[in-house]
Amino acid sequence: MGNYVDAAAYGITWRRAREAALTLDEHALELAKRPYDPRHAGILFWCSSGVDPAECARRAGQSTQVLFRYYAKFLAEARHRANHLIEEPMRRWEAPADDEEGASTTPWPGNAPEQLVRGGMPVGDIGSRGVFRLAASLPAPKGA
């Protein structure tokens, strides 16, 4: 106990453990070839799962600067995924949809909140989808 483990001995032990634990196909793919590889895979998994980069860095025991330096390409892909997750519901929201009466909704006009408040709609109700139909049916303000 307390003795230094030589790097060569550590490498030999790691290689033997891989041979014992992995199938021939996994071994040929060089899965977990280095002791660092499972840690790297874990951090990538956290990031790809949508865990906040600051939390990934904390769990990995490194700074966010180090995380961004070594995983910048991967984090950019996560940004693209986040954009898709945000844009998809927006596309569905803006797409015409049939309501209960079979009438199609129209896009929210730029002056709709102002029209709704002037028309007597409580401000707290302005975010509901049914209000979009109401806003589209209101007359445009004078001078617009």
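1. At roughly what angle do the axes of helix 3 and helix 5 cross? They cross at roughly 30° and come within 10 Å. Axes here are lines fitted to C-alpha atoms over the stretch in contact, with angles from 0 to 180 degrees between N-to-C directions. Helix 3 and helix 5 are therefore roughly parallel (angles under 35 degrees).

2. On provenance: this is a predicted model, in which local features need pLDDT of at least 70, side-chain atom pairs count only at pLDDT 80 or more, and totals for chains, interfaces and linings use all residues. Residues are numbered from 1 along each chain, and side-chain values use heavy atoms, without hydrogens or water. Helices are DSSP runs (H or I, at least four residues), numbered from the N terminus.

3. Now the helix 3–helix 5 contacts (heavy atoms within 4.5 Å). From helix 3, H40, I43, L44, C47 and S48 meet L67, Y71, F74, L75 and R81 of helix 5. Beyond its neighbours within four places in sequence, L75 touches C47, P53, L67 and F68.

4. Helix 4 spans residues 53-60, and its buried residues are C56, A57 and A60 (buried is under 20% relative accessible area, exposed over 50%, with a 1.4 Å probe and protein chains only). They fall within an arc of 95° seen down the axis, so they line one face. That arc is taken from the directions from the helix axis to the C-beta atoms. R58 and R59 are exposed on the face turned away.

5. The buried residues of helix 4 pack against helix 3 (37-48) and helix 5 (64-94). Just after helix 4, G61 has a positive phi of about 75°.

Definitions and conventions:
Helix = DSSP H or I, 4+ residues; strand = E, 2+ residues; numbered from the N terminus. Parallel < 35°, antiparallel > 145°, perpendicular 65-115°, else oblique.
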